[in-house]
Amino acid sequence: MKFKQLIPTRSALAHLRFVFSVFLLPVYLFAFSQADGVKTSTAVLVFFIWHFLAFPASNGYNSYFDKDEGSIALLAKPPEVDISLYYFSILLEVIAFLLGFIISWEFAVAVLIYGIMSKLYSHPATRLKKYPIISFLTVFIFQGCFIYYTTYTALTGTSLFGHWDLGLIIPGAISSCLIGASYPLTQVYQHEEDSRRGDKTLSIILGYKGSFIFSSVLFASGIALSYWYWHLAGMMLNFYFFLVCAAPIFFFFNYWFYKVGQSTANANFKNAMRMNFISSGCMLIYFGVLAVFS
């Protein structure tokens, strides 16, 4: 490795997809909103580690081994990858891991585990991505409840091995359901390219119609868990606000499902990005309000 290979090219920076980290921001905001006595410095550092280091590093590493020619999240025409993307993504992960120790050794290990799982997901030697159930569970767990639990405990200064109750478990499950609901919809326009690469994704197994049904079941599960959580907390207004924020997602989802039923050509990159931006935007509003007023 040469030193200049650590300097990211324009192509490498594009594949890091920093903006894509915004799609995962609701989980952080949810954890922040439920944490008490959070220090501003801790909140900023945890946010920076996840959203400016660990998540972009994972995006870059995944892109390097995918070498996509067709559209991927936020990149309609992804530029050709180069070796700087590989080394710079590793560098970001190393920095994230080392900074994690400022929070706690447990958080640093959590960041390391997330990085390892992203490599197992993408690397040709393991490539969990080509196994539909395993790949789904990897994303469902490690971008959902894993991020919630590790973020919450980091923000509150508590141990991951401490007391667990429904007040901690249910929000993590909600996070996983919301992340999992979007997962097959991010693959629904990539059937041809994924098949050519040999990746048997969940969306390919489910088919176009099945992908939408699977997504709706998980989103409905997230709604049910939200009702349970806020009912236990005696804060049903938060649940009703969730329904209001989820309404645009519901309407566009059903419109897109209808259009795909008319023609599978509508299961395209443009509509998938619309779905992502609408769902992420609505959840950012919801969890952002919770974070500000909780």
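A charge sits over a ring if NZ of Lys or CZ of Arg is within 6 Å of the ring centre and within 35 degrees of the ring normal. This is a predicted model: local features need pLDDT of at least 70, side-chain atom pairs count only at pLDDT 80 or more, and totals for chains, interfaces and linings use all residues. Residues are numbered from 1 along each chain as its sequence is written, and side-chain values use heavy atoms, with hydrogens and water left out.

Select K119 and Y61. The charged end of K119 sits over the Y61 ring, 4.8 Å from the centre.

Y61 and F65 make a tilted aromatic pair, 5.0 Å between centres and 55° between planes. Rings of Phe, Tyr and Trp (its six-membered ring) pair if their centres lie within 6.5 Å; planes under 30 degrees apart count as stacked, over 60 as edge-to-face and the rest as tilted. Both Y61 and F65 are buried (under 20% relative accessible area; 1.4 Å probe, protein chains only).

Next, W50 and F55. Their ring centres are 5.5 Å apart and their planes at 15°, so this pair is stacked. W50 has a relative accessible area of 0%, F55 of 2%. In total, the structure holds 41 aromatic pairs.

How values were computed. Buried < 20%, exposed > 50% of the residue type's maximum accessible area, 1.4 Å probe, protein only.
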